[in-house]
Amino acid sequence: NVPTSIQDAVLARAAKLSPEARQVLDLVSVIPGEAELTLIGSILSPAREHMTECSRQGLLRLRESGVSFHHELTRRAIESVLNTEDRRRLNQLVLIDLAGRADPARLVHHAHEADDVDSIIEYAPRAARAAMAIESHREAAAHFRLLEPFLDRISDNDRAAILEDWARTEYYLISSESAEILARAIALHRSTGDDVALAGALTLAVRVNEIHGRPELAEAASQEAITILESHPVRAELAAAVSHRAWLMKMRGDRSRAVEIAERAIELAEETGDEPSLINALITKVHVAFRSGNPAGFRVLEEARSRAERAGFPFEETLALLNMAEVAAEHRDLERAGELSQQARDAAASYEIRINEDAASAHYAKVLDWRGDWTAAEDTAT
């Protein structure tokens, strides 16, 4: 909210502007941050003299690269008195001018403000996936949520892919909605008859359902994914499904089956060149082996972490760190376990992978408890 005294002062200065300068002020108010001079000039040509007029009133700051308000409160004061129609119109003008040459997230912002549903449908998936690519999962989720009311206007195949990406993002953020969103994607894949895409969504559903306390659904998804993919020539999707199966056996406490299935997943991953599945299977196999007393396991986990980091797979990188912390704790190397727990937590936080960040924090609380640092353990657990 803008304090009344500030708003009155801003509007008093704005009232002294010519109509053309006030148009510049209104336009800049709907553009977050700094507005390019070329953009303002393209929409309100000629505009330079009117921008100067706004600057003389102490409302806008002119630079070589662009124009902006002297303070965010000034921008909000001007924007707050725009009527709905003008706000939509101005955002639409910006959207049209920037189309095809601006960052998708910026286009989504103006499409939303302009109530331009077609543009939201066009740009929101791009913006969400661009955010996912740089590990900005909160931003990605925001774009997907903005798109949700209009999903029925998108083709079934594209909608299924969008829902699957959205579910993965919500899973990383530990949202309970991830399972329901993924279930919608799976239903769409079934309706389109794309069984390979269906198997991929089912593979993701193994982790999503298991983590959210739905073991029966996780088991069914795992079995169906593998059954589907075994009817096709060997491909990376099968390596992923088998790798997730091995992880599921580890979660069930069936060590021998976990190792056996992980070894098959490693072979499939090597054959198909599927690095993430190879790393996941290695983590599962080595964790189980190390818990059984194989001292070489820790070195292999470190290699899995390094491979994930080099290849740019943050989920697998932080998962490897977490597993390293767990096996160190099980062998009562509490100093190393504490360091690795914090390293896993901080890395996962930097990648916005809350599912691994929280798991690492919980594990660190356990290590603190074992060390007798009960106050810190309670604070961390809380």
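**A walk through the model**

Glu 210 is found in helix H12. Helices (H or I, at least four residues) and strands (E, at least two) are DSSP runs, numbered from the N terminus. This is a predicted model, in which local features need pLDDT of at least 70 and side-chain atom pairs count only at pLDDT 80 or more, while totals for chains, interfaces and linings use all residues. Residues are numbered from 1 along each chain as its sequence is written, and side-chain values use heavy atoms, with hydrogens and water left out.

Glu 210 counts as buried because its relative accessible area is 14%; buried means under 20% relative accessible area, exposed over 50%, and partly exposed in between (1.4 Å probe, protein chains only). Leaving aside neighbours within four places in sequence, Glu 210 is in contact (heavy atoms within 4.5 Å) with Ala 205, Pro 215, Ala 218, Trp 247, Leu 248, Met 251 and Arg 252.

At 1.5 Å a residue, the 17 residues of H12 (residues 195-211) should span 24 Å, and the end C-alpha atoms are 24 Å apart, which agrees. The expected span is 1.5 Å times one less than the number of residues. H12 also bends by about 30° at Ala 205, where the bend is the angle between axes fitted to the seven residues ending there and the seven starting there. After H12 comes Gly 213, whose phi is positive, near 75°.

Ile 355 lies in helix H20 (residues 354-370). Its relative accessibility is 10%, so Ile 355 counts as buried. Not counting residues up to four places away in sequence, Ile 355 touches Tyr 171, Tyr 172, Ile 174, Ile 211 and Phe 315.

The sheet comes next. Three strands form an open sheet in the order E1-E3-E2, with antiparallel pairing; two strands pair if DSSP finds at least two bridges between them. The edge strands are E1 (35-36) and E2 (60-62), each of which pairs on one side only. Two bridges join E1 to E3, and Ala 35 stands opposite Val 67 in E3. E2 and E3 pair over three bridges, with Leu 62 opposite Val 67, and these two strands form a hairpin with three residues between them.

In a regular strand the side chains alternate between the two faces of the sheet. From E3, Gly 66 and Ser 68 point one way and Val 67 and Phe 69 the other way, and all are buried. Helix H2 lies across E2 and E3, running at about 85° to E3; axes are lines fitted to C-alpha atoms, for helices over the stretch in contact, and angles run from 0 to 180 degrees between N-to-C directions.

Helix H5 (residues 72-80) has Thr 74, Arg 75, Ala 77, Ile 78 and Glu 79 buried. The cover over the buried residues of H5 includes helix H1 (4-14), helix H2 (19-29), strand E3 (66-69) and helix H6 (84-98).

Of its 122 residues, Leu 25, Leu 27, Ile 40 and Leu 182 touch the most other members. Helix H18 (residues 314-330) supplies the largest share of this core, ten residues. Not counting residues up to four places away in sequence, Leu 27 touches Ile 40, Ile 43, Leu 44, Leu 90 and Val 94.

Methods: A nonpolar core is a set of buried Ala, Val, Leu, Ile, Met, Phe, Trp, Tyr and Cys residues joined through side-chain atoms within 4.5 Å.
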